[in-house]
Amino acid sequence: MRDADADAGGSTNCRDSQGDHSCPGGADTAAAPAGGAPPPHASGPGRDATSVARGPGMRPHVFTLSVPFPTPLEAEIARGSLAPDAEPHQRVVGKNLAVSGRILAVRWEAEDCRLLRISVINFLDHLSLVVQTMQHFGPPISR
């Protein structure tokens with residue numbers, strides 16, 4: 001199996017050029033196109049969690065990651081292994097996993113870039129364990 005870390009591509013719109021870690025989501029922060037999962041809904045009528053947390057003109061931070069696998073089956077196995085891990089902060093960090101061919105695509109959306117960073121780091125730890133396990137047992141046998 002190829003090294004997923006070497007081939008993985010990621011992007012984010014959370015910029016931290018001043019060395020502080022607040023990553024404000026103001027109007028000058030570019031948001032990625034909305035193509036992922038819809039935001040989770042808050043208990044208030046007609047409002048979602050992101051609109052409640054955001055002030056006027058604020059947009060969420062978005063991070064996307066594409067992880068190539070040798071085969072579509074291995075990408076599906078990885079997604080199946082990683083999908084059950086629910087986000088600890090589901091109301092403020094959204095995560096969507098999808099497989100397209102042999103590519104596992106992951107998209108995060110969050111108001112707070114620190115929580116986004118924690119979610120991505122935890123996911124990468126789990127992804128590393130999944131890839132190592134798949135390498136240890138060898139390629140899957142199609143049924």
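**Strand S4 and its surroundings**

Threonine 64 has arginine 107 as its bridge partner in S4. The model is a predicted one, where local features need pLDDT of at least 70 and side-chain atom pairs count only at pLDDT 80 or more, while totals for chains, interfaces and linings use all residues. Residues are numbered from 1 along each chain as its sequence is written, and side-chain values use heavy atoms, with hydrogens and water left out.

Arginine 107 itself sits in strand S4, residues 103–110; strands (E, at least two residues) and helices (H or I, at least four) are DSSP runs numbered from the N terminus. On its other pairing, arginine 107 in S4 stands opposite asparagine 96. With a relative accessibility of 12%, arginine 107 counts as buried, a label for anything under 20% relative accessible area, with exposed meaning over 50% and partly exposed in between (1.4 Å probe, protein chains only). Its side chain also makes a polar contact, at 2.9 Å, with the side chain of glutamate 109. Such a contact is a pair of N or O atoms within 3.5 Å; within protein, one must be able to donate a hydrogen and the other to accept it, and residues adjacent in sequence count only if both atoms are side-chain atoms.

As for the strand as a whole, S4 is mostly covered, with six of its eight residues buried. S4 runs antiparallel to strand S2 (residues 61–68), and eight bridges join the two. Eight bridges also link S4 to strand S3 (residues 93–100), again antiparallel; strands pair if DSSP finds at least two bridges between them. S3 and S4 make a hairpin with two residues between them, and glycine 101 in the turn has a positive phi of about 65 degrees.

Now for the wider fold. The protein chain contains four helices and four strands, in the order α-β-α-β-α-β-β-α along the sequence. Its largest nonpolar core has 21 residues, and Phe69, Leu104, Trp108 and Phe123 have the most contacts inside it. Two or more core residues come from each of S2, helix H3 (72–82), S3, S4 and helix H4 (113–137), with H4 giving the largest share, eight residues. A core here is a set of buried Ala, Val, Leu, Ile, Met, Phe, Trp, Tyr and Cys residues joined through side-chain atoms within 4.5 Å. Leaving aside neighbours within four places in sequence, leucine 104 is in contact (heavy atoms within 4.5 Å) with residues including Leu65, Val67, Phe69, Ala78, Leu97 and Phe123.
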